[in-house]
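Dear colleague,

Please find the structure below, handed over for your records. My notes on it follow directly after.

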Amino acid sequence: MTPAPVEPGPAAPSRVRRLRIAQPRSLQSRQLWAASLGVIAFLALAGYALDRAFQSTAQSGMRERLHSYALAYAGSDFARDGSVIPPWDPPDSRFKRPGSGLYAQIVLAGGQWESDSAQGPRLPDGALLDPGRQVFEGPLPFTRISGAPGEVYRYGYGLAFSDEAGEREIPYTVYILEDTTALGRQVSAFRAALWWYLGGAGAVLLLLQMLVLRWSLRPLRDVIDELKRVQAGAAAGMSEAHPRELEPLTDSINAFIQSERENLERQRNTLADLAHSLKTPLAVLRSRLDADTGEAELRSEVDAQLRRMSDLVGYQLARAARSGHQLFAAPIEVEPQAEQIVVGLEKVYASKGVLCEFEIAPEARFHGETGDLQELLGNLLENAFKWAKSRVLLTIAEGPQVAGRRAGLLIVVEDDGPGIADDRIAYVLQRGVRGDERVQGHGIGLSIVQDILRSYRGQLRVGRSQELGGARFEAELPGGL
């Protein structure tokens with residue numbers, strides 16, 4: 001018999017497991033949790049230590065008390081038959097009350113004596129101790145007068161008395177036993193009070209910790225509020241009223257904001273300069289078209305103006321590329337870049353026989369873009385090679401360093417040429433100005449150097465070289481964040 005086909009039922013809804021990324025706790029909650037765990041752990045350890053100390057103190061006090069009772073019974077008399085004659089008045093009235101919880105035993109070689117309180121309970125047997133020996137034991141099991149099990153602490157003191165003839169010493173041992181109930185009640189009462197006070201102290205400490213955390217994290221909340229104001233356009237940047245620990249953060253944010261604004265301003269200026277530069281060639285072309293110029297002349301004019309416009313676009317793009325730099329860049333070794341540039345310049349000026357000497361600190365690093373470093377070194381060294389007679393000196397060292405920040409960079413280029421008069425330094429540093437019109441060049445190399453240094457918040461100083469006698473160009477880059 002063929003089984004009937006089973007129709008498939010409705011498909012069970014598939015369960016899609018969504019990965020939920022745990023959101024990181026806030027800094028305040030993390031600190032509060034850590035402080036709470038620390039406080040709880042400390043209070044638990046302190047409570048345990050105090051509890052153990054109280055138990056040890058209570059047991060020590062019980063031992064001293066039982067020892068004093070044992071000394072009272074150590075003065076008991078002994079009959080001729082060796083039986084015990086206890087004190088008429090026991091040291092504590094509980095010794096007379098059966099099952100009171102405080103018991104006395106005197107153990108002899110031939111038997112033992114027990115106080116009235118031991119009538120009924122079944123106490124643990126005690127051994128005969130050597131004279132002078134003392135023991136404190138417990139808790140030991142015993143049976144109360146009601147038949148219920150219990151525990152006692154026991155103190156034993158070994159003694160001896162002389163017989164009537166005084167010929168030998170007869171050893172005996174006094175045992176004092178006390179029920180643990182009283183000690184247990186003391187420990188329980190102490191623990192209840194201890195944990196109550198520790199719990200209250202813990203709650204107060206946690207509350208104080210919460211207030212301290214809110215107070216200590218307030219500067220971070222102020223930074224967040226200022227960032228929101230900057231994002232909303234209500235503030236131009238971060239203020240300087242922040243703790244020292246947050247200054248690197250706020251300084252970095254301000255530097256980033258300033259860098260972005262400068263980049264935007266440079267882009268706007270570059271577009272404006274490019275548009276302004278292209279207006280004249282376009283106007284010339286328009287005038288030639290309107291004047292019905294001949295084809296040959298028009299072709300020549302178009303070719304000339306296109307070359308001019310191409311040069312203008314290339315110059316503006318190169319200028320824009322030189323103007324910007326990454327705010328946080330990996331450090332670059334200076335010596336390989338300088339070596340590459342100097343090798344090329346020595347070939348170009350081989351006819352003059354100019355040689356360049358290096359004094360480069362091994363730890364010197366440039367924090368920026370490689371192109372900016374090449375432009376700096378290239379323009380300064382090319383200017384020195386151009387005016388030098390035979391020697392150029394390149395000195396690179398770390399600049400002044402502020403604690404907690406990276407070191408700056410000091411680049412010094414000197415030559416043995418004629419130098420620059422003091423009254424002509426400002427003139428030579430202008431864009432498009434050459435120190436000597438007879439020397440080939442465009443007069444923008446030092447302007448490019450100043451633009452790059454300005455973008456890195458550095459400065460250029462020009463003077464006379466004390467060692468070579470020519471010009472001295474000193475470019476200083478400040479330390480970073």
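Arg-457 is partly exposed because its relative accessible area is 45%, where buried means under 20%, exposed over 50% and partly exposed in between (1.4 Å probe, protein chains only). Please note that this is a predicted model, in which local features need pLDDT of at least 70, side-chain atom pairs count only at pLDDT 80 or more, and totals for chains, interfaces and linings use all residues. Residues are numbered from 1 along each chain as its sequence is written, and side-chain values use heavy atoms, with hydrogens and water left out.

Arg-457 sits in the loop between α9 (445-455) and β13; helices (H or I, at least four residues) and strands (E, at least two) are DSSP runs numbered from the N terminus. Although not a glycine, Arg-457 has a positive phi of about 60°. A cis peptide bond, with omega of about -5°, joins Gly-138 to Pro-139, and Pro-139 belongs to strand β5 (residues 134-143). Most residues other than glycine have a negative phi, and most peptide bonds are trans.

Strand β13 also belongs to an open sheet of five strands, ordered β9-β11-β12-β14-β13 with mixed pairing; two strands pair if DSSP finds at least two bridges between them. Its edge strands, each pairing on one side only, are β9 (355-360) and β13 (459-464). β9 runs parallel to β11 (residues 391-398), with six bridges between them, and Cys-356 stands opposite Val-392 in β11.

Yours sincerely
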